[in-house]
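Biologist: I am new to this structure and would like to learn how to read its sheet. Could you take me through the strands step by step?

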Amino acid sequence: MRARPPPAAAAAAACRAPLRLLRTGLAAAMSAARPLKSVDYEVFGRVQGVCFRMYTEDEAKKIGVVGWVKNTSKGTVTGQVQGPEDKVNSISRVFCEVGRMSWLSKVGSPSSRIDRTNFSNEKTISKVEYSNFSIRY
């Protein structure tokens, strides 16, 4: 029979687990989780000049997904989100109608107006391609 560590040692080991996660980084932590999902999106409406990209970046970081967002020359915002399937789906639930992928289809920065959001290239991936969520220029 294997001896159990004293309760204080077990508690210390449990406290170190989140530190290991911080050291290895978000992308590495996601690579260990399964399944992972990647989705491209384009948001139409009043989404430029209203802090929409910053809002998207903040929300993505709160949820714990990686990817990017940027303005386009046609007045839309486009990007990609990657992460554990449940987290990508949770973004959908935060921003959308029940039962379908519609991240950023209803809620954006306070001054924005979202007319529609197109999602494309939804796929399962073996590892994330980004180390964080960023604004591209």
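This is a predicted model: local features need pLDDT of at least 70, side-chain atom pairs count only at pLDDT 80 or more; totals for chains, interfaces and linings use all residues.

Biologist: Which way does β1 run against β4, and how many bridges join them?

Modeller: That pairing is antiparallel too, with 10 bridges between β1 and β4.

Biologist: Now the hairpin, please. What lies between β2 and β3?

Modeller: Five residues separate the two strands, and among them Gly75 has a positive phi near 85°. The strands themselves, β2 at residues 66-71 and β3 at residues 77-84, pair in the antiparallel sense over six bridges. Within that pairing, Val69 has Gly79 of β3 as its bridge partner.

Biologist: Which sense does the pairing of β2 with β5 have?

Modeller: Here the strands run parallel, and three bridges join β2 to β5, residues 133-135. Look for Trp68, which stands opposite Ser134 of β5.

Biologist: In what order do the strands form the sheet?

Modeller: Read across as β4-β1-β3-β2-β5: five strands in an open sheet with mixed pairing. The edges are β4 (113-125) and β5; each has a single partner strand, so one side of each is left without a neighbour in the sheet. On average, neighbouring strands are turned by 15° against each other, direction ignored.

Biologist: Where do the side chains of a strand point?

Modeller: As a general idea, in a regular strand they alternate between the two faces of the sheet.

Biologist: Which strands does helix α3 lie across?

Modeller: Helix α3, residues 52-63, lies across β1, β2, β3, β4 and β5. Compare its direction with β5: the helix runs at about 170° to that strand.

Conventions:
Residues are numbered from 1 along each chain as its sequence is written. Side-chain values use heavy atoms; hydrogens and water are left out. Two strands pair if DSSP finds at least two bridges between them. Helices (H or I, at least four residues) and strands (E, at least two) are DSSP runs, numbered from the N terminus. Axes are lines fitted to C-alpha atoms, for helices over the stretch in contact, and angles run from 0 to 180 degrees between N-to-C directions. Contact means heavy atoms within 4.5 Å.
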